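Reader: I have just opened this model and would like to understand the words used for it. Could you take me through them?

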Amino acid sequence: MISDSDTRRVTVLGSTGSIGRSTVDLLLREPERFPVEALTAQSNVALLAEQARALDAKLAVIGDDSLLPELKARLAGSGVEAAAGAKAIVEAADRPADWVMAAIVGAAGLGPTLAAIRRGAVIALANKESLVCAGALVMREAALHGATLLPVDSEHNAIFQVFDFQAAGSVDRVILTASGGPFRTLSLGEMREVTPAQAIAHPVWSMGAKISVDSATLMNKGLELIEASFLFPVPEERLDVLIHPQSVVHSMVCYVDGSVLAQLGTPDMRTPIAVTLAWPRRMPTPAARLDLAAIAKLTFEVPDSARFPALNLARQALQTGGAAPTILNAANEVAVEAFLNGRIGFLDITRIVEQTLTRAPSGVSLNSLDAVREADNQARRYAAQLIDPAADDRVVQMQTRGRGRA
Ligand code: NAD
Ligand code: MG
């Protein structure tokens with residue numbers, strides 16, 4: 001639980017990533033108010049050490065344990081404790097902090113996020129994949145241990161700010177907005193040829209590589225539909241998606257009386273992060289102020305499911321339930337990585353996800369972390385085989401993977 005005082009002890013999981021760096025930026029502005037317990041990263045040891053020194057963190061953990069000697073060397077004389085490995089990241093999440101930023105990318109974030117949840121902490125949840133692959137488990141554990149989940153994803157953060165939880169029955173529709181990504185106006189033929197560099201060059205948001213590719217396929221919005229279904233008491237058929245290229249209206253909640261409440265702002269993740277950091281109060285951020293007169297025009301359009309089939313795949317997985325969202329997420333992680341490594345084309349990403357969903361058994365309920373991991377690993381194996389049929393037994397373990405970038 002967050003204490004009454006304005007001071008809160010914080011931990012940042014994935015501090016060297018895009019969300020992690022935005023979080024650290026806010027923490028550095030008010031170091032007395034936000035003492036830092038732990039920072040974790042996968043491989044960017046130089047930035048991790050620099051952040052830990054600047055924030056005077058108690059602990060810094062690097063996922064790749066071959067980098068522990070370098071982390072120790074970089075922290076020498078600072079008084080910051082150093083540790084390494086996937087287990088040490090979970091232990092970092094388990095240390096006493098009032099507020100934990102869950103900003104590891106992918107299902108790899110599930111274990112550490114659950115550890116923080118089981119302590120009853122306030123979780124600023126950026127790691128949408130943990131909700132997609134284990135939504136029922138995450139929500140059950142949060143309720144059981146009195147944890148508070150505050151959504152960081154800009155759409156869900158917007159909905160959180162305008163959703164009347166006392167009158168959920170009065171919500172008619174929830175509309176998630178989507179920028180449409182860099183290929184919004186491309187034909188299927190043009191999309192077939194796009195490169196990873198083009199896919200990660202998002203027109204509006206500056207983000208990590210994986211979510212940028214997800215935005216380009218619209219799988220990001222698909223994952224967000226599933227994320228929303230767990231975070232808000234709204235049935236799937238009341239969740240809509242609208243393309244809004246300016247990314248000013250971050251999402252909307254429509255009520256039965258015809259009122260539509262939206263949250264607006266410039267596309268800067270420091271705003272939603274600050275909402276969770278100061279919650280239930282507000283804090284200033286350096287995000288650019290919204291100048292609607294300068295923007296002049298906001299546009300909206302219906303997503304094109306023929307060019308962007310990922311959205312429907314995710315909706316179907318949500319309707320199917322059981323292990324389907326877990327399979328969708330795992331296959332997507334494997335396919336996005338293969339695309340980023342130049343092993344498959346852009347349109348193959350959604351094809352691999354679709355074929356994995358057909359092959360992997362989804363009619364099981366995932367009540368435990370082990371069950372989630374088994375479904376996740378099996379889907380990863382199927383997806384890897386579809387990408388490279390020769391690699392029969394390549395098991396891509398969700399715990400040991402890392403993109404190695406940040
Ligand atoms: P990123 O790739 O920039 O950073 C990921 C972080 O996770 C890094 O600190 C990295 O070291 C760490 N990491 C990677 N693999 C790991 C592993 N196997 N074990 C432990 N740590 C690992 O990603 P990002 O863009 O900051 O996104 C983080 C999460 O936030 C994702 O789930 C993404 O969907 C979500 N999100 C991001 C944005 C955004 O604007 N970037 C917006 C909404 C939601
Ligand atoms: Mg989002």
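Reader: What makes strand S1 and strand S5 a pair?

Author: Two strands pair if at least two bridges are found between them. S1 (residues 10-13) and S5 (residues 99-102) have four bridges, in the parallel sense, so by that cut-off they pair. Val10, for instance, has Trp99 of S5 as its bridge partner. Please keep in mind that this is a predicted model.

Reader: Why are strands S4 and S7 called edge strands?

Author: The open sheet has seven strands, in the order S4-S3-S2-S1-S5-S6-S7, with parallel pairing. S4 (81-84) and S7 (148-151) each pair on one side only. From one strand to the next, the twist averages 15 degrees.

Reader: What makes both faces of S1 covered?

Author: Buried means under 20% relative accessible area. Val10 and Val12 on one side are buried, and so are Thr11 and Leu13 on the other. Helix H5 (residues 110-117) lies across S1, S5, S6 and S7, at about 150 degrees to S6.

Reader: What about helix H6: what does its span show?

Author: Its 18 residues (128-145) would span 26 Å if straight, but the end C-alpha atoms of H6 span only 20 Å. There is a kink of about 105 degrees, centred on Ala134. Ala134 is also one of the buried residues of H6, along with Cys133 and Gly135. After the helix comes Gly146, with a positive phi near 70 degrees.

Reader: How do you know which part of the chain to read with care, going by pLDDT?

Author: The chain averages a pLDDT of 94, and 95% of the residues score at least 70. Over residues 399-406, however, the pLDDT is below 50, although this stretch has 24 contacts beyond near neighbours in sequence. Where pLDDT is low, the predicted coordinates should not be read in detail.

Methods
Residues numbered from 1 in each chain as written. Chains lettered and ligands numbered in written order. Predicted model: local features only at pLDDT ≥ 70, side-chain atom pairs only at ≥ 80, totals over all residues. Heavy atoms only, no water. Helix = DSSP H or I, 4+ residues; strand = E, 2+ residues; numbered from the N terminus. Axes fitted to C-alpha atoms, helices over the stretch in contact; angles between N-to-C directions. Contact = heavy atoms within 4.5 Å. pLDDT = per-residue confidence, 0-100. Expected span 1.5 Å × (residues − 1). Bend = angle between axes of the 7 residues up to and from the residue. Buried < 20%, exposed > 50% of the residue type's maximum accessible area, 1.4 Å probe, protein only.
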